[in-house]
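Please look at the model first.

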Amino acid sequence: MPEAVAMYVDSHCHLTFPELHSQIDAIRAAMASAQVDRALCICTTLEEFEDVHGLAMRFDNFWASAGVHPDNEDVREPSVDDLVELASRPRVVAIGETGLDYFRLGDRSLADMEWQRERFRVHIRAARRSGLPLVIHTRSASDDTLAILREEGQGEVCGVFHCFTETQAVARAALELGFHISFSGILTFRNAADLREVAAEVPLDRCLIETDSPYLAPVPFRGKTNQPAYVPQVAAQLAEIKGVSVDEVARQTSRNFEALFKV
Ligand SMILES: [Zn+2]
Ligand SMILES: [Zn+2]
């Protein structure tokens, strides 16, 4: 009997962003043709949550997260109770995306970013209370991200460092905390040799793949609007790095997704 076709999961996409939301039928058709059978729709503001959740309620191969992205200012600030309440809704499988992003400080100092650290703490407390994994975004802020995760998480939270672009040392620290590491289209970029070296060291049973659509389309779609149907390009790059078949990457990252998000 021939082995079933290996299917891919996009563990992180933003399908409610305007570029994609109006195209949802075409996006789903492209996913089906590309053997991408599931996706996790990521929430970035409380204002956006109902739309994200609506996708997960409408389509049985989509799930939703609940959280407020660290880059979002002038949006409703979540309380632990807000997030725990949203986490209890059907088909919500993660808290996030959350974390720290010091990349766009502008003329602010790190001290000025206390609001971001406090917001991250709120998400970690909500993850502990709800028992859901965290989807973590960290950029130019890995020391504080890890320190706060250790302090607030108390070893009782798990999750994923998404769209990973950090060093080997950060990857090791994340793995030691029990977290998974998710690679995006950046892994396929010509200038990402360092990241490919990091990926070579992350055990395949702790890897996820994602698009972070609509951003960061992998080669050969770089510069285009990204979509979940492109996640096999990330898998192909990871397979090349690991010296395994792309089917093995598809199967293992799908199993990892199921285990982490309990779907
Ligand atoms: Zn992110
Ligand atoms: Zn994202």
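Q: Is H162 buried or exposed in this predicted model?
A: The cut-off for buried is under 20% relative accessible area. H162 has 4% relative accessibility, so this histidine counts as buried.

Q: Which residues coordinate the zinc ion (ligand 1)?
A: The donor atoms sit at 2.0 to 2.2 Å from the zinc ion (ligand 1). Their spacing along the chain is E-x39-H-x24-H. The residues are E97 (OE), H137 (ND1) and H162 (NE2).

Q: How many residues apart in sequence are the parts tied together by H137 and H162?
A: H137 lies in strand β5 (residues 134–139). H162 lies in the loop between β6 (159–161) and α7 (168–176). The pair therefore ties together parts that are 25 residues apart in sequence.

Q: Is H137 buried or exposed?
A: Buried means under 20% relative accessible area. H137 has 13%, so H137 is buried.

Q: Which residue bridges the zinc ion (ligand 1) and the zinc ion (ligand 2)?
A: The two zinc ions lie 3.4 Å apart. A coordinating residue of ligand 1 also bridges to ligand 2. That residue is E97.

Q: How many disulfides does the structure hold?
A: A disulfide needs two cysteine sulfurs within 2.5 Å. The sulfur of C13 is 4.7 Å from the closest cysteine sulfur, in C41, so this pair is too far for a bond. For C43, the nearest cysteine sulfur is also that of C41, 11 Å away. The number of disulfides is zero.

Q: Is C13 buried or exposed?
A: The relative accessibility of C13 is 0%. With the cut-off at under 20%, C13 is therefore buried.

Definitions and conventions. Residues are numbered from 1 along each chain as its sequence is written. Chains are lettered from A and ligands numbered from 1 in the order in which they are written. This is a predicted model: local features need pLDDT of at least 70, side-chain atom pairs count only at pLDDT 80 or more; totals for chains, interfaces and linings use all residues. Side-chain values use heavy atoms; hydrogens and water are left out. Buried means under 20% relative accessible area, exposed over 50%, partly exposed in between (1.4 Å probe, protein chains only). Donors are N, O and S atoms within 2.8 Å of the metal (3.2 Å for Na, K and Ca); water is not among the atoms, so sites may look incomplete. Helices (H or I, at least four residues) and strands (E, at least two) are DSSP runs, numbered from the N terminus.
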